[in-house]
Amino acid sequence: RGKWKAVFLNTKVKIAIENNPCERKKMRFLQFCEAEELKQLFRKVKSRYLGLLLDLGHLNVSANTRKFNKLEFIKQLKSKIFAIHLHDNNGLEDEHKLPDASSWIFDLLRKEFSNTRIPMVLESTNLNIGQIVNAAHIFERNLK
């Protein structure tokens, strides 16, 4: 614990911990699936340079598996969010799907992050250039 504290107190480099997707089928214990686990880390390592990389796809899976409210998770950790990964899934496994225009993430982003300058990164797999351009248009239209 002391070594971690020294690292964060002596640097000006931001480091973000990503929330994990706690899937039922993998049946393994992962840390940082729930807000309380992350809050405990931030209490132990008090540094403005340690924060959260909020992964919305992981949040969807963990909230479904562990039965907690996604919006409440965000509200509890909002002040520590450094960046956001954008992708969607079926709520059961981490599929890294492109969100479509009706995805739950757009309401959440408009409600909680419309007036922020938090970097948002599209995280998806096996996309061609056309799909990436289309995704950019979907995000642009739905985050106004």
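Me: Before we look around, what makes a group of nonpolar residues a patch?

Reply: Each residue needs over 30% relative accessible area and no salt bridge, and the nonpolar side chains are joined within 5 Å. Keep in mind that this is a predicted model.

Me: Which residues form a nonpolar patch on the surface here?

Reply: The patch is made of I129, I132 and V133, which together have about 280 Å² of accessible area. V133 belongs to helix α6, residues 129-142.

Me: Why is V133 called partly exposed?

Reply: Its relative accessibility is 42%. Partly exposed covers the range between buried, under 20%, and exposed, over 50%. V133 therefore counts as partly exposed.

Me: How is the chain as a whole built?

Reply: There are six helices and four strands, and along the sequence they come in the pattern α-β-α-β-α-α-β-α-β-α. The chain has 144 residues, of which 41% count as buried.

Me: Which residues of helix α4 are buried?

Reply: In α4, which spans residues 70-77, they are F73, I74 and L77. They sit on the same side of α4, because they cover an arc of only 95° around the axis. The buried residues of this helix pack against several elements, including α2, β2 and α5.

Me: What caps the N-terminal end of α4?

Reply: That is N69, with a side-chain oxygen 2.9 Å from the backbone nitrogen of L71.

Me: Now to charges. What makes R66 and E34 a salt bridge?

Reply: Side chains of opposite charge can pair when their charged atoms come close. The cut-off is 4 Å between a side-chain nitrogen of Lys or Arg and a carboxyl oxygen of Asp or Glu. The closest N and O atoms of R66 and E34 are 2.9 Å apart, within that cut-off. This pair links distant parts of the chain, 32 residues apart: R66 is in helix α3, and E34 is in the loop between β1 and α2.

Me: Are R66 and E34 buried or exposed, or what lies in between?

Reply: R66 counts as partly exposed at 27% relative accessibility, and E34 counts as partly exposed at 29%.

Me: How do you know that K78 and E112 form a salt bridge?

Reply: Their side chains meet at 3.1 Å, N to O, and the cut-off is 4 Å. K78 is in the loop between α4 and β3 while E112 is in helix α5, so the pair ties together parts 34 residues apart in sequence.

Me: Why is E112 called buried?

Reply: E112 has a relative accessible area of 9%, and buried means under 20%. So E112 is buried, whereas K78, at 30% relative accessibility, counts as partly exposed.

Me: Where do R110 and D107 lie?

Reply: Both are in helix α5, three residues apart, which is about one turn of the helix.

Me: What makes D107 exposed?

Reply: D107 has a relative accessible area of 51%, and the cut-off for exposed is over 50%. D107 is therefore exposed. R110, with 31%, is partly exposed.

Me: How many salt bridges does the structure hold?

Reply: The structure holds six. Among the residues involved, E36, K39 and R43 are joined into one network by salt bridges that share partners.

Note on methods: Residues are numbered from 1 along each chain as its sequence is written. This is a predicted model: local features need pLDDT of at least 70, side-chain atom pairs count only at pLDDT 80 or more; totals for chains, interfaces and linings use all residues. Side-chain values use heavy atoms; hydrogens and water are left out. Patches are made of residues with over 30% relative accessible area and no salt bridge: like charges are joined within 9 Å, nonpolar side chains (Val, Leu, Ile, Met, Phe, Trp, Tyr) within 5 Å. Accessible areas come from the Shrake-Rupley method with a 1.4 Å probe; for residues, only the protein chains shown count as cover. Helices (H or I, at least four residues) and strands (E, at least two) are DSSP runs, numbered from the N terminus. Buried means under 20% relative accessible area, exposed over 50%, partly exposed in between (1.4 Å probe, protein chains only). The arc is that of the directions from the helix axis to the C-beta atoms. Contact means heavy atoms within 4.5 Å. A polar contact is a pair of N or O atoms within 3.5 Å; within protein, one must be able to donate a hydrogen and the other to accept it, and residues adjacent in sequence count only if both atoms are side-chain atoms.
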